[in-house]
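This briefing covers aromatic contacts and strand pairing in one model.

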Amino acid sequence: MIDLSTEEIVPLADAPAKYPYGRPHRATVYRHSLNGVRGVRLETILIGGRRFTSTEAVHRFVRQLNDRGQSSAKVTSEVRRRQLECIDAELDAKGF
């Protein structure tokens, strides 16, 4: 959540300059705030009818995208490992 007292607030239209990996198109930033990417949305606030974000929110967004990509692979492999263990135990119980 954006903290107005501690974060650098910028209009959403100026947010592309705050991305650490380049300058995405303005429409891309709006999509990041409305739809998100892989379940992660860019945090925004509405002040006086205008949409704002913060430099810190952009950095959190990018970090969450990167963390999600790494952790989802770990979760998926861990879940799959448990599934295979259950299947093995079931087959052993049936004598296979």
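Tyr 19 is buried, at a relative accessible area of 5% (buried means under 20% relative accessible area, exposed over 50%, partly exposed in between, with a 1.4 Å probe and protein chains only). The model is predicted: local features need pLDDT of at least 70, side-chain atom pairs count only at pLDDT 80 or more, and totals for chains, interfaces and linings use all residues. Residues are numbered from 1 along each chain as its sequence is written, and side-chain values use heavy atoms, with hydrogens and water left out.

**Aromatic contacts**

- The whole structure holds two aromatic pairs; rings of Phe, Tyr and Trp (its six-membered ring) pair if their centres lie within 6.5 Å, with planes under 30 degrees apart stacked, over 60 edge-to-face and the rest tilted.
- Tyr 19 and Tyr 21 pair edge-to-face, at 5.4 Å centre to centre and 90° between the planes.
- Tyr 21 is exposed, with 53% relative accessibility.
- Tyr 19 and Phe 61 have ring centres 6.5 Å apart and planes at 70°, so this pair is also edge-to-face.
- Phe 61 is buried, at 2% relative accessibility.
- Tyr 19, Tyr 21 and Phe 61 make up one aromatic cluster.

**Strand pairing**

- Strands are DSSP runs (E, at least two residues), numbered from the N terminus, and two of them pair if DSSP finds at least two bridges between them.
- Strand 1 pairs with strand 3 (residues 50-54) in the antiparallel sense over three bridges, and Ile 9 has Ser 54 as its bridge partner in strand 3.
- Strand 2 (residues 45-47) runs antiparallel to strand 3, joined by three bridges; Ile 45 stands opposite Phe 52.

How values were computed: Helices (H or I, at least four residues) and strands (E, at least two) are DSSP runs, numbered from the N terminus.
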